[in-house]
Amino acid sequence: MTDISERALVRAASDGDAAPRHTFGRGTTAMPLAAVPAGDWCALAQRTLEPNGYYLPDWELAVNASARGRTGVAALYAYDDAPSPALIGLMPVISLWRTYKLPLPALVSGHPYGTLCTPLLDSEKSDAAATRLLQAARSSGAHALVLRDVALDGVTMGAIATALGRDGLRLRVLHCYERACLDATRDGDEVLQNALGAKKLKELRRQRHRLAEHGTVDFAVARSPTDVAAALETFLSLEASGWKGRRGTALIQHDGDAAFIRRATAALAATNQCEIVTLRAGDTAIAAGVVLRHQGRAFFFKLGVDERFAKYSPGVQLTLDLTRHLCADPAITSADSTAGPDHPMINPIWRGRFAIGDVLIPLYGRDPMVELIDTALRARRSALDLIRRGVHAARKLRKT
């Protein structure tokens, strides 16, 4: 079964259709994500109101090309006429049916593998961009937008809320939590001292000295496309060697995911928007992480560790070095952990917090369909939370 928005977007994105021609400044609509003019998208990313490394074109297009369950995304877009035609708003979307199997007329933000879906708005024309994106959603046949994993208190959501308010509408928070972030304008050692305290840092130094018995401990940052490509293979091997590999969720275990991450990191490294950090003991890589960079913000995408070195806390050791590295970089002012709530590794180290969540954006006032969408989404989350608690309880029982 397919809802009205799915029909419109799939028709536009079908392989048999020619790429739609956008008409500068003549309204707003949707098009296949791959048809968004690359130069326009890159220019918008440089001017965007709020950084999002996961909606950089080189990242999101790679995801859309091959990542499992994340292909075939459409885009709501907005152009401005003056002083010359320019892309001022971009929001990757899929249908509610495809996302949650709910046959209701709503669009959902396309998930770019990283847990951040804040759309791109032109910093100088954010009001017009937000207004036109909402109109584009209405033109697609949607009654509501569901934005997943957005910064709730960020300036982008503020611009969207303002545009909604002019129509007498308000966004609704469906789910929220606090996520760890780093204030990279501070001294790295001071950040770690304040976060962990002298006793914990002493214990981590002891572990590092013990780790050095396996060879010189070295923290390396790969930045060039060639170095990033080599370091990525190390990261992929480490990720697959741990629990993600045992669960079958490591990137390298699926051809489409492996193709996406190789393409994306190479392309972003060419524009200094990706680096891979690696911690070694002698010749052995014991931890590695992928970091994206957009404007003044870093995004800690994923971490892989060699579990044979678990007693030395390899993930923590790498994050300590990464913290110092980011704080020493004048181009970086903050870092998003892109981690889930109460993450046991990153939360004690990066003590900054910001609100992240899912929001429902009604597109019409007093619309019974919006109430139905709201009720269905909240019921679905309640059911999933119940299942999740049951799974966690079962795992605890198995460990006893």
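## A hairpin to start with

How many residues lie between S10 and S11 in the hairpin they form? Two residues separate these strands, and Gln 295 in the turn has a positive phi of about 50 degrees. S10 and S11 pair in the antiparallel sense, over eight bridges. Val 291 stands opposite Phe 300 in S11.

S11 also pairs with strand S12 (residues 334–336). This pairing is parallel and has three bridges. Here Arg 297 stands opposite Ser 334 in S12.

## Confidence in the model

This is a predicted model. The mean pLDDT of the chain is 92, and 92% of its residues reach 70 or more. Over residues 1–28 the pLDDT is below 50. That stretch still has 55 contacts in the model beyond near neighbours in sequence. Where pLDDT is low, the predicted coordinates should not be read in detail.

The largest nonpolar core has 33 residues. Leu 182, Leu 326, Ile 349 and Trp 350 have the most contacts inside it. Several elements each supply at least two residues of this core: S7, helix H7 (188–211), strand S9 (274–281), strand S10 (284–294), strand S11 (297–305) and helix H11 (314–327). H7 gives the most, with seven residues.

Take Leu 182 as a way in. Not counting residues up to four places away in sequence, Leu 182 touches Val 191, Thr 323, Leu 326, Cys 327, Thr 333, Ser 334, Ala 335 and Trp 350. A second, separate core has 32 residues, among them Ala 45, Ala 62, Leu 232 and Phe 260.

## Two helix pairs

Two packed helices are described by the angle between their axes and the distance between the axes. H7 and H11 pack at an angle of about 145 degrees, with axes 11 Å apart. H7 passes H11 in a left-handed crossing. On the H7 side, the contact includes Gly 188, Val 191, Leu 196 and Arg 208. On the H11 side, it includes Val 316, Leu 320, Thr 323 and Cys 327.

The other pair is helix H5 (residues 126–139) and helix H6 (residues 155–166). Their axes come within 9 Å and cross at roughly 65 degrees. This crossing is right-handed. Ser 126, Asp 127, Ala 130, Thr 131 and Leu 134 in H5 meet Ala 159, Ile 160, Thr 162, Ala 163, Leu 164 and Arg 166 in H6.

S2 has a partner in strand S3 (residues 86–95). The two run antiparallel and are joined by seven bridges. A hairpin connects them through five residues. Leu 76 stands opposite Met 91 in S3.

Helix H3 (residues 57–66) is also largely enclosed, because seven of its ten residues are buried. Those buried are Pro 57, Trp 59, Glu 60, Leu 61, Ala 62, Val 63 and Asn 64. Their cover includes helix H2 (38–47), S3, helix H10 (255–269), S10 and S11.

## Residues to look at

Cys 176 sits in strand S7 (residues 172–183). Is Cys 176 buried, exposed or partly exposed? It counts as partly exposed because its relative accessibility is 47%, and that class covers values between 20% and 50%. Leaving aside neighbours within four places in sequence, Cys 176 is in contact with Leu 152, Ile 356 and Gly 357. Glu 307 is 131 residues away from Cys 176 along the chain, and their C-alpha atoms are separated by 32 Å.

Most residues other than glycine have a negative phi. Asp 149 has a positive phi of about 50 degrees. Asp 149 is in strand S6 (residues 144–151). Its relative accessible area is 13%, so Asp 149 is buried. Ser 313 also has a positive phi, near 55 degrees. Ser 313 lies in the loop between S11 and H11.

Terms used:
Residues are numbered from 1 along each chain as its sequence is written. This is a predicted model: local features need pLDDT of at least 70, side-chain atom pairs count only at pLDDT 80 or more; totals for chains, interfaces and linings use all residues. Side-chain values use heavy atoms; hydrogens and water are left out. Helices (H or I, at least four residues) and strands (E, at least two) are DSSP runs, numbered from the N terminus. Buried means under 20% relative accessible area, exposed over 50%, partly exposed in between (1.4 Å probe, protein chains only). Contact means heavy atoms within 4.5 Å. A nonpolar core is a set of buried Ala, Val, Leu, Ile, Met, Phe, Trp, Tyr and Cys residues joined through side-chain atoms within 4.5 Å. Two strands pair if DSSP finds at least two bridges between them. pLDDT is the predictor's confidence in each residue, from 0 to 100. Axes are lines fitted to C-alpha atoms, for helices over the stretch in contact, and angles run from 0 to 180 degrees between N-to-C directions. A crossing is left-handed if the near helix is turned anticlockwise from the far one by less than a right angle, and right-handed if clockwise.
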